[in-house]
Amino acid sequence: MADFNVNLRDVGNVSIIDVKGYLDAHTAPELEHVFNKLLDDKQFKVVVNFNDLKYISSAGLGVFMAYVETMRENKGDIKFSNMKESVYNIFDLLGFPILYEFYKEELEAIQKFNLQGQA
Amino acid sequence: MSYANKKIEKELVVKSTTDNLALIRSFTKKAAEESGFADETIGKIILAVDEACTNIIKHAYNFSPDGKITISIKFDRSKFAISITDEGTHFNPNSVPEPNIIEYYKQKKVGGLGIYLIKKLMDEVKYSTLTGNKNQVILVKYLPR
């Protein structure tokens, strides 16, 4: 059942991952695959756009946990944008807001990277 | 029998593969909707059942696709109870410490969040071992009065 879709695009030097549908233990490997590709391409500045994501379980959250430190060690980060409240509540329940930046709009997250790049 | 005491029961039996998680979620959703929970609570119940079944697939059956998972839902007007049974390796959920997100980050740890989520999402969580080497977890959510 293909209830999950992941798409990768670039805005300047920031990589945007669009996630759509249901992210669970079955579909999380597809997201891992995209992160592995980013590491191969040495792309460490990542925004995940959650606009079309309907559902996430801990298997999906685990993917971000697995890759965020590598991104940060390489002067990048994983930032989140456009998240529905129901999805945000799961991140919140596990304390993710201490460790990750959440933005209402994708553009704000991209601008944050660009500002950091100038500093 | 009055409606107040009417108990509704549903059962789903699936093999231990992650592609069954979508089916497990829609089965749970349908029953939770029938019981009259608010959407937000239905979302919590669905996630808790997904996490419990994911743990069974990963840990009890170690990703072997031939294991059996039985999900039985019983509810009346006051209580919604989901029993999830497997015949895989027994595991003690009390041996899993409560995750500290900052420690997780430092250790690049990625698992173990499921058990914690289940506890947070449900009103009661009870793990037990049944005869015939079966493991059972019962998840309960109370209906608002």
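1. The expected span of a helix is taken here as 1.5 Å times one less than its number of residues. Helix H2 of chain A (residues 58-73), with 16 residues, reaches 24 Å from its first C-alpha to its last, close to the 22 Å expected. Helices (H or I, at least four residues) and strands (E, at least two) are DSSP runs, numbered from the N terminus.

2. The model is predicted: local features need pLDDT of at least 70 and side-chain atom pairs count only at pLDDT 80 or more, whereas totals for chains, interfaces and linings use all residues. Residues are numbered from 1 along each chain as its sequence is written, and chains are lettered from A and ligands numbered from 1 in the order in which they are written.

3. H2(A) has a kink of about 30°, centred on A:Tyr67; the bend at a residue is the angle between axes fitted to the seven residues ending there and the seven starting there. Buried residues of H2(A) include A:Leu61, A:Phe64, A:Tyr67 and A:Met71. A residue is buried if 20 or more other C-beta atoms, placed from the backbone, lie within 10 Å of its own. After H2(A) comes A:Lys75, with a positive phi near 60°.

4. A:Phe4 lies in strand E1 of chain A (residues 4-11). A:Phe4 counts as buried because it has 21 C-beta neighbours inside 10 Å. Beyond its neighbours within four places in sequence, A:Phe4 is in contact with A:Lys20, A:Gly21, A:Tyr22, A:Leu23, A:Thr27 and A:Glu30; contact requires C-beta atoms, placed from the backbone, within 7 Å. Between A:Phe4 and A:Leu61 there are 15 Å in space, C-alpha to C-alpha, and the two are 57 residues apart in sequence.

5. Chain B contains an open sheet of 5 strands with antiparallel pairing, in the order E1-E2-E3-E5-E4. Strands E1 (8-15) and E4 (124-130) of chain B are at the edges with a single partner strand each, so one side of each has no neighbour in the sheet. Two strands pair if DSSP finds at least two bridges between them. Strands E3 (residues 79-86) and E5 (residues 134-142) of chain B run antiparallel and are joined by 8 bridges; B:Ile82 has B:Leu139 in E5(B) as its bridge partner.

6. The contact between the chains takes 22 residues from chain A and 21 residues from chain B. On the side of chain B that touches chain A, H2(B) gives the most, with 6 residues.

How values were computed
Contact = placed C-beta atoms within 7 Å. Buried ≥ 20, exposed ≤ 12 C-beta atoms within 10 Å, placed from the backbone.
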